[in-house]
Amino acid sequence: MDTMGIIFSNIYDNNMGELTHFRTSGSIPFGSRYRQIDFILSNMANSRIRNIGIVTKYNYRSLMDHLGNCEEWDLQLGDGVRFLPPFATGHTGAYHGKLEALQTALPVLQRSDSDYVVLADTTVLCTINLAWVVEEHIKSGCDVTVVAKAGKADGVRRQTLAVKLDENGKLADLAVDYCAPEDYLVGMSIFIISREKLISIIRELVPHGKYHFERDFLLSFYNEGKISLNVYPFHNVALFNESVESYYANSMSLLKEDVRHSLFQSEIPIYTKVRDAVPTLFGENGEAPNCILADGCHIFGKAENSVIFREVEIDEGALVQDSIVMQGCRIGAGATVRYAILDKNVSIRAGAVLLGTPEHPLVINKGDTV
């Protein structure tokens with residue numbers, strides 16, 4: 001069955017603080033060389049999904065620059081991958097939810113001859129064979145398949161979508177915006193639905209002021225018996241970057257071998273824009289124990305337990321610990337940085353001290369000098 005994809009690049013921008021001041025959630029840097037959109041776009045490309053619409057809202061220039069003509073993903077911009085900005089349909093750009101955002105994709109959905117649509121966000125990072133998910137969806141005979149992950153619900157954090165399965169693996173309960181207990185699975189914002197069904201719900205719900213895919217469609221229609229739902233449990237590593245705090249924690253989790261192996265050494269490779277540089281240069285006193293370190297850096301001080309992007313300079317006597325340092329940053333001589341997220345091209349003056357906490361990392365905006 002032919003399948004197309006719709007990616008929401010910035011539905012949750014408001015949750016990411018200053019990290020989305022100049023960019024979308026989809027183009028937030030991650031893991032020393034990637035962007036968040038790389039994961040779902042690679043999953044689609046590896047699952048032979050060639051027709052992909054990327055729903056945008058604003059601040060998507062960096063996303064367009066990163067994707068280029070999409071050749072790194074063996075895709076083609078314009079004849080396969082399309083940006084779907086709000087002005088393309090006369091929309092104001094102030095999306096209230098996914099259903100409303102999908103109005104932007106309606107012309108593309110109507111022109112397509114695909115049988116099914118994969119809807120996905122850029123905030124959940126994983127490697128998943130979507131072709132298998134589509135196959136399971138077809139076998140289930142259900143209207144919608146929800147990909148969900150166990151072990152994420154804790155009864156404290158509010159989940160956008162939570163599901164509970166019975167002893168036979170069938171859906172027993174569905175909840176939205178719920179502090180789900182531990183026996184619930186958390187939705188990964190990946191859905192499979194037929195193209196014709198998706199078009200019909202957009203036309204039916206949005207004109208009646210219904211904007212939220214999970215609440216106004218899934219929950220409402222499920223409770224009224226109008227749709228059947230299938231749950232596809234996902235068993236590998238999935239990182240939910242839904243806030244600055246979770247972004248920091250998930251970045252730090254890359255220092256664990258099992259997390260890196262699940263994301264980057266599976267049979268599903270993650271592609272990104274190629275920007276090769278010279279190897280990282282270490283000075284006489286430079287060291288970087290337990291770090292993820294990109295190329296093109298100059299390390300004359302010490303970085304420890306950190307994620308270091310390309311072309312970062314750490315001067316003599318500087319100390320960087322438990323931090324995320326994005327491309328083009330410079331840490332001055334004798335400076336100390338701990339529990340911080342330094343956005344691109346940040347400069348830290350010599351001798352400065354920046355201290356956050358693991359629960360509340362200090363964020364320095366793109367291009368700032370401290």
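**Close-up views of a predicted model**

Four bridges tie strand 1 (residues 3-8) to strand 4, and the two strands run parallel. This is a predicted model, where local features need pLDDT of at least 70, side-chain atom pairs count only at pLDDT 80 or more, and totals for chains, interfaces and linings use all residues. Residues are numbered from 1 along each chain as its sequence is written, and side-chain values use heavy atoms, with hydrogens and water left out.

View 1. Strands (E, at least two residues) and helices (H or I, at least four) are DSSP runs, numbered from the N terminus. Two strands pair if DSSP finds at least two bridges between them. Look for Gly5, which stands opposite Ile52 in strand 4. Strand 4 also runs parallel to strand 5 (residues 81-84), joined by four bridges, and here Gly53 has Arg82 as its bridge partner. Ile52 and Ile54 point one way from strand 4 (residues 52-55), Gly53 and Val55 point the other way, and all are buried (under 20% relative accessible area; exposed is over 50%, partly exposed in between, with a 1.4 Å probe and protein chains only).

**View 2. Helix 5 has a buried side.** Which residues of helix 5 (residues 195-205) are buried? They are Arg195, Leu198, Ile199, Ile201, Ile202 and Leu205. They cover an arc of only 165° around the axis, so they sit on the same side of helix 5 (the arc is that of the directions from the helix axis to the C-beta atoms). Turned away from that buried side is a face with the exposed residues Glu196 and Arg203. Strand 1, helix 3 (98-111) and helix 6 (213-223) are among the elements covering the buried residues, where contact means heavy atoms within 4.5 Å.

**View 3. An aromatic cluster.** Phe30, Tyr34, Phe39, Tyr247 and Phe264 form one aromatic cluster. Rings of Phe, Tyr and Trp (its six-membered ring) pair if their centres lie within 6.5 Å; planes under 30 degrees apart are stacked, over 60 edge-to-face, and the rest tilted. The whole structure has nine aromatic pairs.

**View 4. Cys297 without a bond.** The count comes to zero disulfides (pairs of cysteine sulfur atoms within 2.5 Å). The closest cysteine sulfur to that of Cys297 is in Cys329, 9.9 Å away, too far for a bond.
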